[in-house]
Amino acid sequence: MTASITSAAGETRPLAAAPDGVDPSLVPKRTLSSGAAIPAVGLGTFGSDRYSGEEIAQAVASAAAVGYRHFDCASVYGNEAQVGAALQAIMEGGVPREELWITSKVWNDRHGPGQVIESCKQSLADLRLDFLDLFLVHWPFPNSHGRGVDAGSRDPHAQGYVHENYMAVWRQMETLVEMGLVRHIGTSNMTVPKLALVMQDAAIKPAANEMELHPHFQQPELFRYVTSHGMVPIGYSPLGSPSRPARDRTPGDTVDVEDPVIVEIAARLGVHPAAVCVKWAVQRGQVPIPFSVKRPQYLSTLQAVVSAPLSDEDMRAIAQIDKNNRLIKGHVFLWKDGQTWEDLWDKDGQVTPA
Ligand SMILES: NC(=O)c1ccc[n+]([C@@H]2O[C@H](COP(=O)([O-])OP(=O)(O)OC[C@H]3O[C@@H](n4cnc5c(N)ncnc54)[C@H](OP(=O)(O)O)[C@@H]3O)[C@@H](O)[C@H]2O)c1
């Protein structure tokens, strides 16, 4: 049985819990510095230009029926209106709002005065919610690009990280908390030096940092910084984003789900390598948000999260396969000629000058 979403006529059918699903109360949770609890795994909703908003909304509804309660959204994914219809159906079907964890993000072209607040209000309207559990600054630069552009494309007005400008965005994020529209605020695609500046100047500290995290890209230094400063690390592309678009592929990229260590553990446990990546992530202490519109995939992922943990030996073996292989390099956000994507990530341990 799968959930239904709101029809064109505006009718909804109750959400039925799938008999083969996972009891959401069994899914582990992480506690934020506020004391709130975030489900330790969520469903991503970025279709990478491959899946329509309707397909993703159907997956959200059906994922709720199999036990997901956490959904990672963003205005730039272009599907919040469809996802909102699914969320409405989920709640009308009997899942209380307080059981759900909904994240959204402000896109880079809405960093100006008042725009962060407007963007959040638009996401709330589209998602049909009164508040967000978490609102993130999607990228720390105001550099935007059109849908589906290639890696060589540049915003002619692109600029580097200017802390004063980021804090003007952050003040609007804080205002959203004061307005009661958002319960937590956080960062995404940050580095240690940028986060250190924000930690110094924020009145409301980031509750979470969303960052690329998978076995071949473990970001140990940033992970330690985030966890030791009271933030929850939310891990995107937790399976190594095997179906990402061509613009996010670079020769030399490695494939997590084909790593011999991951493949051996998966074969021994009788699961797909994706399940091993997600189990490792949850046990390490990050919150993975794998994307899928395929029921057998998102169901098996959730089943993996509630099954017996990986052994200490397996966890140690996976810790050793880090290849520092960043997949989402962000070329399109570069702001000067002659730069390489490493400049976006403060490779010298200091914020790259704007
Ligand atoms: N904050 C940010 O800047 C940022 C950046 C990137 C992503 N994100 C978030 O992170 C989410 C996930 O990232 P992602 O989509 O890049 O990568 P991912 O979750 O690592 O990979 C998703 C792909 O893995 C395959 N897959 C999923 N579950 C599977 C399973 N159980 N078994 C086998 N294959 C499976 C699917 O491929 P097929 O579709 O081909 O079957 C799916 O499209 C996004 O949807 C988005 O919400 C955030």
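**View 1. Here's what helix H9 packs against in this predicted model.** The buried residues of H9 sit against strand E3 (43-44), helix H1 (53-65) and helix H8 (273-284). Which residues of H9 are buried? They're Tyr 298, Leu 299, Thr 301, Leu 302, Ala 304 and Val 305. The helix itself runs over residues 295-306, twelve in total. From first C-alpha to last, H9 reaches 17 Å, close to the 16 Å expected at 1.5 Å a residue.

**View 2. Next up is the largest nonpolar core, made of 91 residues.** Val 60, Ala 86, Phe 135 and Val 278 touch the most other members. Zoom in on Val 278: leaving out residues up to four places away in sequence, it touches Val 41, Pro 238, Pro 288, Pro 290, Thr 301, Ala 304 and Val 305. In soluble globular proteins, nonpolar side chains tend to be buried together.

**View 3. Helix H7 (residues 260-269) has buried and exposed residues.** Ile 262, Ile 265 and Ala 266 are buried. These three cover an arc of only 100 degrees around the axis, so they end up on the same side of H7. Over on the other side, Pro 260, Ala 267 and Arg 268 are exposed. The buried residues of H7 pack against H8 and helix H10 (312-319).

Technical notes:
Residues numbered from 1 in each chain as written. Predicted model: local features only at pLDDT ≥ 70, side-chain atom pairs only at ≥ 80, totals over all residues. Helix = DSSP H or I, 4+ residues; strand = E, 2+ residues; numbered from the N terminus. Expected span 1.5 Å × (residues − 1). Buried ≥ 20, exposed ≤ 12 C-beta atoms within 10 Å, placed from the backbone. Contact = placed C-beta atoms within 7 Å. Core = buried A, V, L, I, M, F, W, Y, C linked by C-beta atoms within 7 Å. Arc of directions from axis to C-beta.
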